[in-house]
Amino acid sequence: MMKYDLLSAYKNYLLVLYRPDTANTYYKKLCTLFEGQSLTDTANNLDIDKILDNLGTIKHKNRFSQSKNAFLHFCVFQNITLSADILEIIEQLERTTRKKHRKLKPIEFVQVDKKIKRIRNKKLKLSYQTIIATGLRVSELSGINPENCTVTNNTITFSFVGKGGKNEVVEVQAAAYSKLYQSLKELIDGTSKDKKIFYSANYLQRQAKELGFTCHDLRRACAKLEYKKSRSKKQVKEKLRHANIKTTKIYLKSKVKI
């Protein structure tokens, strides 16, 4: 078994713990950290100093966190115990990183909503409208199939595995979204059990970019629309399934203007 096989086995290990996009991110980060290393079937000859050197070149906090987590997962996967000194060095390196700040261009939701309503591809339009109504992440939306759906006379419920591997549900109520409810019902009924209801995350993101927004902008819009309706940060937190109210507050201060 060569280095590629070892890393491939590691990726399969990650896929048990995370959604494919998260697993792929950690896999790629570990491949970068392992540049210059010649591993065989085990990590017995792993050069920790090279790992620390590569970590030391990462300047931004979020990228460092991803690389660190990728490495720590690999250590668990290979039953590698890191000394307290090495863990302290990793923490020191992380403290020297900084957040990457970007000047974000405001997004006018009214304009985005008009663009979405003009989309002729019904399935594409419904994909975006469902994110706005439910706050689903695009990776969650794209994985839903008919067996994940429960349709009643007044509610459509989507069941899925959310962030962190949690089993979660969101609803589209006919009373609040009558047209969307009816269109989704027809889409679900017309989708075979072995197919996904919506488009892939990559396709949705590409099409959104061409229209001048991101799929995550729609999730931010969902947060602001819910707050405009309820005036409750707690209800926004629950709808978007945030673990921490601080995350909700960040969404409510986002570049999306309602």
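Which residues on the other side of H10 are exposed? I looked, and they are Asn202, Lys209 and Glu210. I took exposed as over 50% relative accessible area, buried as under 20% and partly exposed as in between, with a 1.4 Å probe and protein chains only.

**Ground rules**

I am working on a predicted model, so I note that local features need pLDDT of at least 70, that side-chain atom pairs count only at pLDDT 80 or more, and that totals for chains, interfaces and linings use all residues. Residues are numbered from 1 along each chain as its sequence is written, and side-chain values use heavy atoms, with hydrogens and water left out.

**Overall**

I counted secondary structure and got 13 helices and 5 strands. Both are DSSP runs numbered from the N terminus: helices are H or I with at least four residues, strands are E with at least two. I then took the span of the C-alpha trace along its principal axes, which is about 60 × 40 × 35 Å. Of the 258 residues in the protein, 40% are buried.

I looked up the accessible surface, and it comes to about 15,200 Å². Carbon and sulfur atoms hold 49% of that surface. The areas come from the Shrake-Rupley method with a 1.4 Å probe, and for residues only the protein chains shown count as cover.

Next I checked contacts, meaning heavy atoms within 4.5 Å. Among contacts with a separation of 6 or more, 63% join residues 24 or more positions apart.

I also looked at charge. There are 51 positive and 24 negative charges, and their mean positions are 11 Å apart. Lys and Arg count as positive, Asp and Glu as negative; His and the chain ends are not counted. I placed each charge at NZ of Lys, CZ of Arg, CG of Asp or CD of Glu.

**Helix H10**

I went back to H10, which runs over residues 201–211. Its buried residues are Ala201, Leu204, Gln207 and Ala208. Down the helix axis they fall within an arc of 135°, so they line one face of H10. The arc is that of the directions from the axis to the C-beta atoms.

What covers the buried residues of H10? The cover includes helix H7 (122–134), helix H8 (138–141) and helix H11 (215–230). After H10 comes Gly212, with a positive phi near 95°.

I followed Ala201 to one of its partners, Ser142. Ser142 sits in the loop between H8 and strand S2 (149–151). At a relative accessible area of 14%, Ser142 is buried. Leaving out residues up to four places away in sequence, Ser142 touches Lys196, Tyr199, Ser200 and Ala201.

**Positive phi outside glycine**

I noted Asn79 first. Its phi is positive, about 55°, and Asn79 is not a glycine. I found Asn79 in the loop between helix H4 (61–77) and helix H5 (84–95). Is Asn79 buried or exposed? It counts as exposed, at 69% relative accessibility.

Then I noted Arg241. Its phi is near 60°, again positive in a residue other than glycine. Arg241 lies in the loop between helix H12 (233–240) and helix H13 (245–252). With a relative accessible area of 15%, Arg241 is buried.

**Cysteines**

How many disulfides are there in the whole structure? My search found 0. A disulfide here is a pair of cysteine sulfur atoms within 2.5 Å. I checked Cys31: the closest cysteine sulfur, in Cys75, is 15 Å away, too far for a bond. Cys31 is partly exposed, at 24% relative accessibility. Cys149 is in no disulfide either, and the nearest cysteine sulfur, that of Cys222, is 18 Å away. Cys149 is buried, at 13% relative accessible area.

I placed Ser67 in helix H4. Ser67 is buried, with a relative accessible area of 4%. Beyond residues up to four places away in sequence, Ser67 touches Lys29, Leu33, Leu55 and Ile58.

I found Ser254 in the loop between H13 and strand S5 (256–257). Ser254 counts as buried at 15% relative accessibility.

Gln111 is partly exposed, at 44% relative accessibility. Gln111 and Glu238 are 127 residues apart in sequence, and their C-alpha atoms are 27 Å apart in space.
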